[in-house]
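Here's a quick tour of a protein model and the ligands that come with it.

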Amino acid sequence: MTLTDTLNRPLRDLRISVTDRCNFRCVYCMPKEIFGPDYQFLPRAEILTFEEITRLARIFAGHGVQKIRLTGGEPLVRRDLHLLVAMLAQLPDLDLTLTTNGSLLARQARALKDAGLKRVTVSLDSLDNKIFKAMNDVDFPVEKVLEGMEAAAQVGLGPIKVNMVVKRGMNESSILPMARFFREKGYILRFIEYMDVGHTNGWRMDDVVPAAEIIKMINVEMPLEPLDPNYRGEVASRWKYKDGSGEIGIVASVTQPFCRDCNRARLSAEGELYTCLFAVSGQDLRGLIRGGASDKEISQTIERIWNRRADRYSEIRSENTVSLPKVEMSHIGG
Ligand code: SAM
Ligand code: SF4
Ligand code: SF4
C-alpha cells in the first residue's frame, strides 16, 4: 500500500546509513576540528545489525520503497558490508545502490557486485590532488579513487555516477576539468551545491556555487541542453551534451529546492528514522525492534510517521533556519 505524507508525497526511496564512521574528514561534512581523535562515534552495540537493517528494509519495501541506497559515514568501512548487500538483494524488485568515497572500492567491488549490488555512486571533488587533499583533509590521493571507480566499472557496477560537491573558493576551478574527464569516460558527473547540513561545517550562502553558474560555465565549452527527469522525485536535474557525448546532473538543493517531490526517508546507523536531511531529530525504530515489536507494529509506526510528515526545509531555508540545530550528514548519509 502506498503511503503519502501531508503534502501528498509517497515514500519511495530509503537511504540507510550503515556507520557513522569515515576514513575521510571532508571539510564540508566531517571537519577535523569537530571529528577529531576524541570524537565519540557510536559504540558497536548501538548500531543496527545486518539482520535488523534487513528486517526494516523489508517493512519499508512493503510501504512502497523501491530504491535503497547504502551510505554513511563511509559505508565501506563497515566490516563485511557485502553480506548486508546479499541479504538486501533477496528483497524483490529493489534498486540497490551505494554511495562511497571510493577509497576502499577497488578491493570490494567484486564482492559487492557478486552479492547483488546494482550500481555505485562515487564521490570525488577534484582531479587536482592539491585541491582534493585539501577537501578530504586526510591526504587521500585522486588516483586511488579513480582506481576504485575503474574496478567498479569493470565488474559491472555502472553506469558509474560521480558526486562532486562544489564549494566556492575551494574547487570551482575543478568544474571544467571534471566535466571533460568524465564525459570522456562516459560516467555521469553530478554537481552538488554545498549544503548547510549539520551545524559543524560553518556553512555560508556565499560558499554556494549556484547550479545556474555551473551550467553556464560548462555550456560555454561543451554545449548542454536540459533532459526530462527519469522519474518523479529525481533529485538531480539532468543535462545532456548537445553532441550526444553523455549527460551530467545538478543537485541544486539550495538554489532550486525540490522538496515538493521529495520521497525519501533516511535510516541512521543506530536505527533512527529521519524524514528530512535537515531534521533536528529522528524517530527511534531500534527501540521498537529490540523491545520485541512485531513487523505489524513497526509498519504502523512508520506509517504514522510518514503520514504526518510535512518537511520542506530547503524551500523555507533562510538566514534563521541555517542556524537551527540539525543532524550531521555523516550521521544519516547524503
Ligand atoms: N562517505 C560517502 C561519500 O562521501 O560518498 C557516503 C556518505 S556522504 C555523507 C554522501 C554524499 O554527501 C557525498 O557525495 C558527499 O559529497 C555529500 N555531502 C556531504 N556533505 C555535504 C554538504 N555539506 N553539502 C553537499 N553535499 C554533501
Ligand atoms: Fe566521509 Fe563522505 Fe562525509 Fe567525506 S562526505 S567525510 S567521505 S562521509
Ligand atoms: Fe527532502 Fe528535506 Fe531535502 Fe526538502 S529539505 S528535499 S524535504 S530532504
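Strand β1, helix α1 (residues 50–62) and strand β2 (residues 67–71) build a right-handed β-α-β unit. Right-handed here means that, with the strands pointing away from you, the path from the first strand over the helix to the second runs clockwise. Helices (H or I, at least four residues) and strands (E, at least two) are DSSP runs, numbered from the N terminus.

This is a predicted model, so local features need pLDDT of at least 70 and side-chain atom pairs count only at pLDDT 80 or more, while totals for chains, interfaces and linings use all residues. Residues are numbered from 1 along each chain as its sequence is written, chains are lettered from A and ligands numbered from 1 in the order in which they are written, and side-chain values use heavy atoms, with hydrogens and water left out.

**The big picture: one sheet**

- Twelve strands make an open sheet with mixed pairing, in the order β7-β8-β9-β6-β5-β4-β3-β2-β1-β10-β11-β12.
- The edges belong to β7 (224–227) and β12 (283–284), which have a single partner strand each, so one side of each has no neighbour in the sheet.
- Two strands count as paired if DSSP finds at least two bridges between them.

**Around β1**

- Five of the five residues of β1 (residues 13–17) are buried, so this strand is mostly covered. Buried means under 20% relative accessible area, exposed over 50%, and partly exposed in between (1.4 Å probe, protein chains only).
- Which way do the residues of β1 point? D13, R15 and S17 go one way and L14 and I16 the other, and all are buried.
- β1 runs parallel to β2, with five bridges joining them; D13 has K67 as its bridge partner in β2.
- β1 also pairs in the parallel sense with β10 (residues 264–267), over four bridges, and there R15 is partnered with R266.

**Around β6**

- Six of the six residues of β6 (residues 188–193) are buried, so the rest of the structure largely encloses this strand.
- Both faces are covered, with I188, R190 and I192 on one side and L189, F191 and E193 on the other.
- β5 (residues 161–166) runs parallel to β6, and six bridges join the two. To get from β5 to β6, the chain passes through helix α6 (residues 175–185) in a right-handed β-α-β crossover.
- β9 (residues 247–251) is parallel to β6 too, with four bridges between them; I192 has V251 as its partner there.

**The ligands**

- Ligand 1 has 20 residues around it, and Y28, G73, S123, N163 and M195 come nearest. "Around" means that a heavy atom of the residue lies within 4 Å.
- What sits 2.9 Å from a nitrogen atom of ligand 1? A backbone N or O atom of M195 does.
- An N or O atom in the side chain of N163 is 3.1 Å from an oxygen atom of ligand 1, and one in the side chain of E74 is 3.2 Å from a nitrogen atom of the ligand.
- Ligand 2 has C22, F24, C26, Y28, C29, M30, G73 and N101 around it.
- The residues around ligand 3 include C259, C262, C276, R266 and D311.

**Cysteines**

- C22 is buried because its relative accessible area is 18%, and C276 counts as buried because its relative accessibility is 12%.

- G158 and P159 are joined by a cis peptide bond, with omega about 0°; P159 lies in the loop between α5 (142–155) and β5.
- D80 is not a glycine, yet has a positive phi of about 55°. D80 sits in the loop between β2 and α2 (81–88).
- D139, also not a glycine, has a positive phi of about 65°. With 55% relative accessibility, D139 counts as exposed.

Conventions. Polar contact = N/O pair within 3.5 Å; in protein donor to acceptor, adjacent residues only side chain to side chain.
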